[in-house]
Amino acid sequence: MTRHLRNDWSVDDEDAILETIDKWVEAEVRPIAREYDQADEYPHDLVEQMKELGLFGATISPAYGGLGLPTSTYAKIVTKVTAVWMVPSGIFNSHLIMASAIERCGTEDQKAAWLPEMARGDLRGGIALTEPNAGTDLQAIKTRAEKDGDNYILNGSKMWITNSLYGDCLLVLAKTDIDATPRHKGMSAFLCKRGEGYDVAQKLKKLGYRSIDTCELVLDNKRVPAAALLGGEEGRGLQQVLGGLELGRINVAARGAGIAEGALQMATRYAQTRQTFGKMIAEHQAIQLKIGEMASRVAAAKLLVDDAARRFDSGERCDMEAGMAKYFATETGVYCAEEAMRIFGGYSYAPEYEIERFYRDAMLMCIGEGTNELQRIIVAKQYVERNPA
Ligand SMILES: Cc1cc2nc3c(=O)[nH]c(=O)nc-3n(C[C@H](O)[C@H](O)[C@H](O)COP(=O)(O)OP(=O)(O)OC[C@H]3O[C@@H](n4cnc5c(N)ncnc54)[C@H](O)[C@@H]3O)c2cc1C
C-alpha cells in the first residue's frame with residue numbers, strides 16, 4: 001500500500017491528503033472492519049498506521065508537531081474514513097477534541113507538556129464529561145475535585161467514556177465548588193492519565209460502535225497535581241468544554257455524512273447486482289426513489305458540513321451552522337442506513353453484507369455531542385436571535 005508519512009503532507013494539498021486516506025481505508029480498514037466489529041476487538045494495528053499517517057495530530061498546530069489541517073479538510077477525512085468504518089475516526093476524533101481543549105485553554109506549560117506527544121499519537125486521549133446520572137445536563141455532574149496542598153483529590157464516576165481503556169489520558173470534568181451559583185462556576189476540567197486520575201471499572205457492551213473502548217470509569221481518591229487543572233484556574237471547566245462544541249459538532253456531523261455516504265455506496269452497488277423479476281433491482285422505480293432520495297440527502301449533508309467547517313476556519317460565528325450540520329447530517333446517516341437495509345432485503349441481516357453495521361452505528365451520532373433534540377432547540381434559539389422581529 002502507499003503510505004505517506006505526515007511530513008509529506010502540506011495544508012495546501014487537500015487532494016493528495018484525501019487520496020492517501022482513500023488508499024489507506026481501502027487497503028487497511030475495509031478488509032478488517034467486519035471481523036473486528038463482530039469480535040468487538042480493538043484495532044491496535046490501525047492505531048499504529050494512524051500514527052504514521054499523522055492523524056492523531058491532524059488539527060494540532062505545527063508548532064506542537066501536528067499537521068494543523070483546516071477543519072474543512074479534516075471533516076472530509078472524517079467522512080471518508082467513516083464511510084468505511086466509524087471506529088477509526090472515533091479513535092482520533094475524541095482524542096483531537098481533548099487536544100483542541102488544551103490548545104485553546106491550556107497554559108503554555110500544559111501545551112508544551114501534552115501536545116507534542118498527543119500529535120505523535122504516543123499519548124492518546126478523549127473527554128470524560130458524562131456520568132451515570134448526567135449527560136445532557138452536564139451541570140448536574142457529581143464528580144468532585146478537592147484541593148489538597150499542591151494536589152487535587154478526585155472522587156466520582158464517569159459513564160460511556162470513549163478511548164478510556166486503550167487510550168492514555170482524558171480531559172475530566174469535575175466540580176471544584178458544589179455550592180457555586182450559577183452551577184457552572186463550580187466546574188473545572190483536569191488533564192488526567194489513566195491510573196493516576198481514573199481507573200476503568202468496565203468496558204461496556206454496545207449495540208454498535210463496537211471495537212472502540214467505551215467504558216465506565218471510577219475515580220476513587222485519585223490524586224492529581226494542581227498543574228493538571230486546565231488553564232490553571234478553577235471555575236472555567238464548563239466553558240472550556242463547551243467552547244469546543246462547534247468543532248465537536250462539525251466532527252460528528254462529518255461522521256454522520258460518512259455513515260450516510262457509506263450506506264448509499266453499498267446500497268447502490270448491491271442494487272446493480274441483485275435481480276428480481278428479470279431485472280436489476282436498481283431498475284425498479286421503488287428502489288430508484290430510495291437511491292435518489294439518499295443521494296440528494298448525502299449531498300446536502302456534505303454541503304452543510306463543509307459550510308460550517310469553512311465558517312469555523314474563517315473565524316466567523318458558526319454555532320447555528322454547526323448545529324444544523326450536526327442535526328441534518330447525523331439524521332441523514334440514520335435515514336440512509338435504514339433505506340440501505342431495505343434495499344438489501346433479507347441479506348441486510350447477514351453480517352457478511354456489512355450494511356447491518358452501518359445501521360447499528362448510525363444512531364449514536366444523533367445522541368453524542370449534544371442530542372439532536374437539543375440541537376434543534378439550539379438552532380431555533382439562534383435563528384430567532386439572528387432574526388429579531
Ligand atoms: C457509545 C457512546 C460513546 C460515548 N462517548 C462519550 C465520551 O467519550 N465522553 C463523554 O463524556 N460522553 C460520551 N457518551 C455519552 C453521550 O455524550 C451522552 O449519552 C449524551 O450526551 C446524552 O446524555 P444521556 O445519555 O445522559 O441522555 P439524557 O441527558 O438523559 O437525555 C435523555 C433524553 O432526554 C432529552 N433531553 C434531555 N434534556 C432535554 C431538554 N432540556 N430539552 C429537550 N430534551 C432533553 C435528550 O435529548 C434525550 O432524548 C457516549 C455515549 C455512547 C452511547
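How many nonpolar, polar and charged residues does the shell around the ligand have? The legends below take up this shell and the domains of a predicted model. Local features in this model need pLDDT of at least 70, side-chain atom pairs count only at pLDDT 80 or more, and totals for chains, interfaces and linings use all residues. Residue numbers start from 1 along each chain as its sequence is written.

**View 1. The shell around the ligand.** By class, this shell has 9 nonpolar, 9 polar and 3 charged residues. Ala, Val, Leu, Ile, Met, Phe, Trp, Tyr, Cys and Pro count as nonpolar, Asp, Glu, Lys and Arg as charged, and the others, Gly among them, as polar. Of the 21 residues around the ligand, Leu129, Gly135, Thr136, Thr162 and Thr371 come nearest; a residue is near if its C-beta atom, placed from the backbone, lies within 6 Å of the molecule.

View 2. Two or more shell residues come from each of β1 (127-128), β3 (151-162), α11 (364-367) and α12 (372-386). The largest share, 3 residues, is from β3. Helices (H or I, at least four residues) and strands (E, at least two) are DSSP runs, numbered from the N terminus. The ligand lies between domain 2 (127-236) and domain 3 (244-386), because both give residues to its shell. Domain bounds come from an automatic or database domain assignment.

**View 3. Domain 1 against domain 2.** The C-alpha centres of these domains lie 24 Å apart. Their contact takes 20 residues from domain 1 and 17 residues from domain 2, two residues being in contact if their C-beta atoms, placed from the backbone, lie within 7 Å. On the side of domain 1 that touches domain 2, the largest share, 10 residues, comes from α4.
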